[in-house]
Amino acid sequence: MTIAVLGTGIMGSAMARNWLKAGETVRVWNRTRAKAEPLAEAGAQVADDPATAVDGADVIVTMLFDADAVAATMEAASDRLRPGALWLQMSTVGLEGADRLAELALSYELRYVDAPVVGTKEPAEQGKLTVLASGPDEVRDSVVQLLRPIAAKALWLGPAGTGSRLKLVVNTWVLTATEGVANAFALADALGLDGAAFLEVIGGGPLDLKYAHVKGALMMRREFPPSFPVNGARKDANLILAAGRSAGVDLAAVEAARSHLDTVAQRSHRDEDMAAMYLAARRAL
Ligand code: NAP
């Protein structure tokens, strides 16, 4: 079986590596070729363009920034897509994006699985992502099997688009939790307290949250190596807010997170981890 991975950024490159380790034949393409080239040493065939990558492939995986990038890439590959091939669309694209890409799959006669992922760089490298898969039931078993090398958990959620809906719910939690942690650490620092004291108070009890320790450590050091970059988090906040508007929900905490993400993005932190939203809360820009 040949898997074509389109997009070898933080997530796509880690996923491609795990499929290679599992013995699959993997072709990779990335707009900036230099990011795909290190995968050649791990056994991947590096393609010059999306069409070469998908030529005759049984499975196409898209792991790109947003729905526009996915649509443009699939359009560029369209001449060589094999009708009946499986398309695992794993980028975070929101509701409108998932529907738009499902229509594109139909026009290319591909079997479309909407399968966004939960987990950042480290779980992706360890093959421990959670995949929120949804699509036609007849491909369920082969998709679950295919996901084994990259996922600790593969949920099958029903018709295509359900995965993208749940992904927005999960990221609502991720973004608002990080905003909450950033607020607590900013206030602690401004009041002359050590953030570690806050972590000690919540530690081990019902108020505790692993994420507060992970993101809090970055905030205390004011160093934000990217795991979930600011720019991607802003894109996701906008997708969540669009879903909230169409569903008639007031997502004020997501608005607050988006505002802090916008502020830090404007101050050259767009490629750093979203924990940098702390700097906006602390007004330390
Ligand atoms: P990333 O490292 O920033 O990679 C983004 C990828 O998209 C790169 O391959 C980039 O190509 C490509 N790209 C952007 N615009 C493009 C365009 N117009 N045409 C073609 N390619 C384009 O991001 P990532 O973290 O791997 O994220 C990939 C997807 O996974 C996103 O949808 C993200 O929301 C989702 N996700 C990320 C995380 C996370 O924690 N990182 C977790 C769950 C889901 P270049 O290299 O040329 O820029």
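What radius of gyration would a compact globule with 285 residues have, and what does the protein have? The legends below start there, and please keep in mind that this is a predicted model.

**View 1. The whole chain and its overall form.** A compact globule with 285 residues would have a radius of gyration near 19 Å, and the protein has 20 Å, which agrees. Follow the C-alpha trace along its principal axes and you will find spans of about 60 × 45 × 35 Å.

View 2. Of the 285 residues, 48% count as buried. The accessible surface comes to about 13100 Å², and 51% of it belongs to carbon and sulfur atoms. Side chains with charge include 29 positive and 34 negative ones, and the centres of these two sets lie 3 Å apart.

**View 3. An open sheet of 6 strands.** Reading across the sheet, the order is S3-S2-S1-S4-S5-S6, and the pairing is parallel. Strand S3 (45–46) and strand S6 (111–114) stand at the edges; each has a single partner strand, so one side of each is left without a neighbour in the sheet.

**View 4. Strands S4 and S5 side by side.** Strand S4 covers residues 59–62 and strand S5 covers residues 86–89. The two run parallel and are joined by 4 bridges. To find your place, look for Ile-60, whose bridge partner in S5 is Trp-87.

Terms used: Residues numbered from 1 in each chain as written. Predicted model: local features only at pLDDT ≥ 70, side-chain atom pairs only at ≥ 80, totals over all residues. Heavy atoms only, no water. Rg over C-alpha atoms; globule rule 2.2 N^0.38 Å. Buried < 20%, exposed > 50% of the residue type's maximum accessible area, 1.4 Å probe, protein only. Areas by Shrake-Rupley, 256 points an atom, 1.4 Å probe, with all protein chains shown as cover. Lys, Arg positive; Asp, Glu negative; His and termini not counted. Charge placed at Lys NZ, Arg CZ, Asp CG, Glu CD. Pairing = 2+ DSSP bridges.
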